[in-house]
Amino acid sequence: PAGGREGGIADQAEGEQHVAGDEHGKEGAEIVAEIMQAIFDPLVQRVYDHGGFVSSFAGDGFTALFPGTRTQIMGLTAAARMRKHIIEHSTRTTPFGVLHFAIKIGMAEGDVDWGIIGGGEQTLHACYFGGKAIEECAKAERRAGINELVVNEPVMERLKSMVGFISQDGYWRVTDIYTPLPPPKPASQPDRPSDLTAAFVPGTVLRKDVRGEYRQVLTLFVKLREVRTWEQLNAIGQEVFDLQRRYGGYLSTIDVDDMGCRLLLFWGMPVGFENDLECALNFVLDLSARTGAALKAGATYQLAYAGFVGRAGLREGFT
């Protein structure tokens, strides 16, 4: 099916990096990028070791989903072991001093809406995830302090005999875990057909074999407040893919919630051209004219270190 709804658990983990690399120029940014990779890899691995998968990365955070109706303990285990890993590896020594890291995690139970846009004459496709579980885990994460795990009430109700909680602004902060946690079950690398991968990932990304490099990157953020259903999003997606054939650009992320749809696109990574700025601005103007949708857009254009985060077999571009 093109889309659907499932019950499940969502974890949202966001890092806290207290010494930015920007102030040290290119060398500092490269060091931060290396450290990000070293931190993300084991966190993502813990998600997959406990039956989940990462639905999206966003800067120094990511969202993971644990499908099903009885996966609360697996989501809790992944969250607890991610937290433990960060606490045990909270500092990194660099030529510019010691960097300090921490984590904040939100966890929620609820429905997840998902879908695939594209098809027809389009050669590219994109998937999206939204719904109550993702919205609630984002709200829970915003209430978490340094190295804290905060959950919504349905999770608390299911786990209250196994976990200690403190009420926190309508959510619940985990203070203790009394039950033995299940051991990891390392996930094998799936054998994805090359034509399936190519349907979702542009060839320019698949052929990239460098771990990171500096580029002038235009970042375009588009918000469509009235786009909430798969039918609406698929219609917008057809226009996006068509305009990409004309103007280029890399569609990185699609987010959907009760506030509408958000698109994140890049020009200049993974490949760049002299007219990237002109192409990106024409893209958003034509998207507005073609769809007639009420949209807001913001763009930045600056030198950025672009690379990949994730683990082997599951990586996403970042700037």
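Buried, in this talk, means under 20% relative accessible area, exposed means over 50%, and partly exposed is in between, with a 1.4 Å probe and protein chains only. By that cut-off Asn147 is buried, because its relative accessible area is 18%.

Before going on, the ground rules. This is a predicted model, in which local features need pLDDT of at least 70 and side-chain atom pairs count only at pLDDT 80 or more, while totals for chains, interfaces and linings use all residues. Residues are numbered from 1 along each chain as its sequence is written, and side-chain values use heavy atoms, with hydrogens and water left out.

Now the overall picture. The protein has 8 helices and 14 strands; these are DSSP runs numbered from the N terminus, helices being H or I with at least four residues and strands E with at least two. There are 319 residues in the protein, and buried ones make up 45% of them. Contact here means heavy atoms within 4.5 Å. Of the contacts with a separation of 6 or more, 70% are between residues 24 or more positions apart.

Back to Asn147. Where does Asn147 sit in the chain? Its place is the loop between helix 3 (132-142) and strand 7 (148-151). Leaving aside neighbours within four places in sequence, Asn147 is in contact with Arg83, Ile86, Ile87, Ala102 and Ile103. Glu14 is 133 residues from Asn147 in sequence, yet the two are 9.8 Å apart in space, C-alpha to C-alpha.

Next, strand 5, residues 97-118, which has several partners to go through. Two strands pair if DSSP finds at least two bridges between them. Strand 4 (residues 91-94) runs antiparallel to strand 5, joined by 4 bridges, and the two form a hairpin with 2 residues between them. Thr94 stands opposite Gly97 in strand 5. With strand 6 (residues 125-130), strand 5 pairs in the antiparallel sense over 6 bridges, and Ile117 has Ala126 as its bridge partner there.

On to the cores. A nonpolar core is a set of buried Ala, Val, Leu, Ile, Met, Phe, Trp, Tyr and Cys residues joined through side-chain atoms within 4.5 Å. Which members of the largest one touch the most other members? They are Val47, Phe62, Met107, Leu149 and Val151, out of 34 residues. Helix 1 (residues 25-49) gives the most to this core, with 9 residues. Apart from it lies another core, of 27 residues, among them Tyr128, Leu218, Leu224 and Leu251. In soluble globular proteins, nonpolar side chains tend to be buried together.

Strand 11 (residues 250-257) and strand 12 run antiparallel, joined by 7 bridges, and Leu251 stands opposite Leu265. Strand 12 (residues 260-267) is largely enclosed by the rest of the structure, because 6 of its 8 residues are buried.

Last, a helix pair. Helix 7 (residues 230-247) and helix 8 (residues 276-291) pack at an angle of about 145°, with axes 10 Å apart. Axes are lines fitted to C-alpha atoms, for helices over the stretch in contact, and angles run from 0 to 180 degrees between N-to-C directions. Residues meeting there include Ile236, Val240 and Leu243 in helix 7, and Phe283 and Leu287 in helix 8.
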